[in-house]
Amino acid sequence: MSTEEEQIKAAIVVFPEAIGMASPELNNAIEIACEQLNKFVDYLQTLDPELERHEATVLGGAILQGLPMLFEDNPEIIAGIKADCQKIRANRP
């Protein structure tokens, strides 16, 4: 097992309320989101290579937390997100 895999497994946190909500679809969505977060953290580390992985991850979380405020100031982004939501709902089985 690689060091990165060990770090990811060590970082997994299971919330009791999430256990009852687990489904294959949710698990797949979480896996995709985690992969994208890891890519974003990789990107942040290219901006400041001296950041440690956990520091870049915290920074990534802080950026995600601030995104709604950025979206609120941009009606085009909101419209795009709503359109994406409609596409996702339209693809439901």
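I read the chain along its sequence and noted the pattern α-α-α-α-α. I took helices (H or I, at least four residues) and strands (E, at least two) as DSSP runs, numbered from the N terminus. The model is predicted, so I kept local features to pLDDT of at least 70 and side-chain atom pairs to pLDDT 80 or more, while totals for chains, interfaces and linings use all residues. Residues are numbered from 1 along each chain as its sequence is written, and side-chain values use heavy atoms, with hydrogens and water left out.

**Surface**

I looked up burial next. Of the 93 residues, 5% count as buried. Buried means under 20% relative accessible area, exposed means over 50%, and partly exposed lies in between (1.4 Å probe, protein chains only). The chain exposes about 8000 Å². Carbon and sulfur atoms supply 62% of that area. The areas come from the Shrake-Rupley method with a 1.4 Å probe; for residues, only the protein chains shown count as cover.

**Helix α5**

I checked the span of α5, residues 75–90. Its 16 residues reach 22 Å from first C-alpha to last, close to the 22 Å expected at 1.5 Å a residue. The expected span is 1.5 Å times one less than the number of residues. At the start of α5, I found a side-chain oxygen of N74 within 3.1 Å of the backbone nitrogen of E76.

**Salt bridge**

How many salt bridges does the count come to? I got one salt bridge. The rule asks for a side-chain nitrogen of Lys or Arg within 4 Å of a carboxyl oxygen of Asp or Glu. The partners are R53 and D42, at 2.5 Å, N to O. This pair links distant parts of the chain: R53 sits in helix α4 (residues 53–72) and D42 in helix α3, 11 residues apart. R53 is partly exposed at 23%. D42 is also partly exposed, at 38%.

**Aromatic pair**

I then searched the rings and found one aromatic pair. F40 and Y43 are stacked, 6.4 Å centre to centre with 20 degrees between the planes. Rings of Phe, Tyr and Trp (its six-membered ring) pair if their centres lie within 6.5 Å; planes under 30 degrees apart count as stacked, over 60 as edge-to-face, and the rest as tilted. Both residues lie in helix α3 (residues 24–47), three residues apart, so about one helical turn separates them. F40 is partly exposed at 26%. Y43 is partly exposed at 46%.

**Cysteines**

How many disulfides does the whole structure hold? My search found zero. A disulfide needs a pair of cysteine sulfur atoms within 2.5 Å. I looked up C34, which is partly exposed at 40%. C85 is partly exposed at 36%.

How values were computed. Polar contact = N/O pair within 3.5 Å; in protein donor to acceptor, adjacent residues only side chain to side chain.
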